[in-house]
Amino acid sequence: MSLKDRIAVGIDVSKAKLDVFHGGVQQHKELEHSPAGITELIAWLLESGPIDLVVLEASGGYEMDVWRALCDAKIPTARINPKRARDFARALGLLAKTDKIDARVLALFGATLSIEPDRPKEKALQEVEAWLTRRQQLIEMRVAEQNRKRLAPKAVQKRIDMHVRQLQREIDRIDDYLAEQIQQHPAWNEKLALLDNLKGVGANTRAWLIAALPELGQLNRRQIAALVGLAPMAHESGTYKGRRRIYGGRSAVRTALFLATLSAVRHDPRMKDFYQRLVQAGKPKKVALVAAMRKLLTIINAVFRSGEPYRVLQAD
């Protein structure tokens, strides 16, 4: 494989080591995944001449310290979905998979495709997202316990009730903590205050929007819908016209928007009218609800972009 167009570097990150392939000098390097190894990596990259892009995969969080260090060193870096890299490798006919091969594939990926560098979210947003994820885990545990209670003996049901109450207390504590964190960040609080009159978008949805969708207000309606996974994807071939389906995107944000939309189509006049018009036109309710999710996201994006509260904003 030869790299063309751009000088790209691929880094395959694991818990113990970093496999690096430099497309400019066609050289592979293996480093320890440690602060010393990351320092050595950055020094080597800076000494190797100009680099257009460094590409690494999302690796369950193991990549975060490397990604942050590269950005701090002002080395343009992009983190991509591992599925994209694997599909790219298959398209090249590379079915074998090793850390060394993966690093080379990532370098070729960055040199061949139009990939824009990005940066990790600020630590405060990462912390909020981690607490939201923990909250969701606790809710799932609570639901599981409530389901177990139905078939449990009475003596066991008492212990299950005790555990459910304990889980609920922890959920409430997380909610209080998240509300406090948002209040302590004037920029977040100011943005979210624009949604005060938008029915259905509660505290949990607002926290997800701030933590997991910082691009709100910076993209157009099609781009933000695709980012969340609410843009219908065509499925057609020849004379076959399949149903369009939503796919991919940020599932946690999509889940939060789904719950918000269920409330919005009942209580917000604009959203209620939009949903009912689709149903009356013959759309299946699930299709209408997904369309309402996208409409809600479009409204929120427009509110953040304009800086005007929802009550005076005319949505597109």
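A: Five strands make up an open sheet of mixed pairing, arranged in the order 3-2-1-4-5, where strands are DSSP runs of E with at least two residues, helices are runs of H or I with at least four, and both are numbered from the N terminus; two strands pair if DSSP finds at least two bridges between them. The edges are formed by strand 3 (27-32) and strand 5 (77-80), each of which pairs on one side only. Ignoring direction, neighbouring strands of this sheet are turned by 20° against each other on average, with axes taken as lines fitted to C-alpha atoms, for helices over the stretch in contact, and angles running from 0 to 180 degrees between N-to-C directions. The model is predicted, and local features need pLDDT of at least 70, side-chain atom pairs count only at pLDDT 80 or more, while totals for chains, interfaces and linings use all residues. Residues are numbered from 1 along each chain as its sequence is written, and side-chain values use heavy atoms, leaving out hydrogens and water.

Within the sheet, strand 1 (residues 8-13) pairs with strand 2 (residues 17-22) in the antiparallel sense over five bridges, and aspartate 12 stands opposite aspartate 19 in strand 2. Helix 2 (residues 64-72) packs on the sheet, where it touches strand 1, strand 2, strand 4 and strand 5 (contact means heavy atoms within 4.5 Å), and its direction makes about 155° with that of strand 5. Helix 1 (residues 35-47) lies across strand 1, strand 2, strand 3 and strand 4 (53-57), and runs at about 155° to strand 3.
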